[in-house]
Amino acid sequence: NGCGTASGARYATNVKKGVVENFSEVRVYPNPTGGLFTVEHPLDVKWISVINVQGVVLKKIVQPKSATTKIDISYLPAGMYFVSINGGKGIKVVKN
């Protein structure tokens, strides 16, 4: 079904949108987070989005400059968010 676990979080792949197929190449930590977390990803990522449970894009990093991207969501309320790479369904991130 295209789902599995990466860093303890569910993910899904969508090859048609150019999403990273091998999620062993993607790490998200710390998870849960207090606000600042890191995404390690391949260099050819076009964008990383933080999306709420309603599907609203809250933050978008276009063409990250390195394979390690730090994302600050400290201004968001505690809850569940998704980190989407190149428009895929994403990796669940919990903010305390």
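The structure is a predicted model, in which local features need pLDDT of at least 70 and side-chain atom pairs count only at pLDDT 80 or more, while totals for chains, interfaces and linings use all residues. Residues are numbered from 1 along each chain as its sequence is written, and side-chain values use heavy atoms, with hydrogens and water left out. The protein chain has nine strands and zero helices, where strands (E, at least two residues) and helices (H or I, at least four residues) are DSSP runs numbered from the N terminus. Read along the sequence, the pattern is β-β-β-β-β-β-β-β-β. Of the 96 residues in the protein chain, 40% are buried; buried means under 20% relative accessible area, exposed means over 50%, and partly exposed lies in between, with a 1.4 Å probe and protein chains only.

**The open sheet**

- Three strands form an open sheet in the order E3-E4-E7, with antiparallel pairing; two strands count as paired if DSSP finds at least two bridges between them.
- Strand E3 (27-29) and strand E7 (68-72) each have a single partner strand and stand at the edges, so one side of each is left without a neighbour in the sheet.
- Neighbouring strands of this sheet are turned by 20 degrees against each other on average, direction ignored; the axes behind such angles are lines fitted to C-alpha atoms, and angles run from 0 to 180 degrees between N-to-C directions.

**The salt bridge**

- The structure holds one salt bridge, a term that stands for a side-chain nitrogen of Lys or Arg within 4 Å of a carboxyl oxygen of Asp or Glu.
- The salt bridge is formed by Glu40 and Arg27, whose closest N and O atoms are 3.5 Å apart.
- This pair links distant parts of the chain, with Glu40 in strand E4 and Arg27 in strand E3, 13 residues apart.
- Glu40 is partly exposed, with a relative accessible area of 24%, and Arg27 also counts as partly exposed, at 42% relative accessibility.

**The nonpolar core and the interior**

- The largest nonpolar core has 15 residues, and those with the most contacts inside it are Phe37, Val39, Ile48, Ile71 and Ile73; such a core is a set of buried Ala, Val, Leu, Ile, Met, Phe, Trp, Tyr and Cys residues joined through side-chain atoms within 4.5 Å.
- E4, strand E5 (47-52), strand E8 (79-85) and E9 each supply at least two residues of this core, and the largest share, three residues, comes from E8.
- Ser49 lies in strand E5 and counts as buried because its relative accessibility is 4%.
- Ser49 and Asn86 are 37 residues apart in sequence, yet their C-alpha atoms are 8.0 Å apart in space.

- Pro30 lies in the loop between E3 and E4, and the peptide bond from Tyr29 to Pro30 is cis, with omega near -15 degrees.
- Pro32 is found in the loop between E3 and E4, and the peptide bond from Asn31 to Pro32 is cis, with omega near 15 degrees.
- The hairpin of E3 and E4 has six residues between the strands, and in this hairpin Gly35 takes a positive phi near 155 degrees.
- Gln63, in the loop between strand E6 (57-62) and E7, has a positive phi of about 45 degrees although it is not a glycine.
- Gln63 counts as exposed, because its relative accessibility is 56%.
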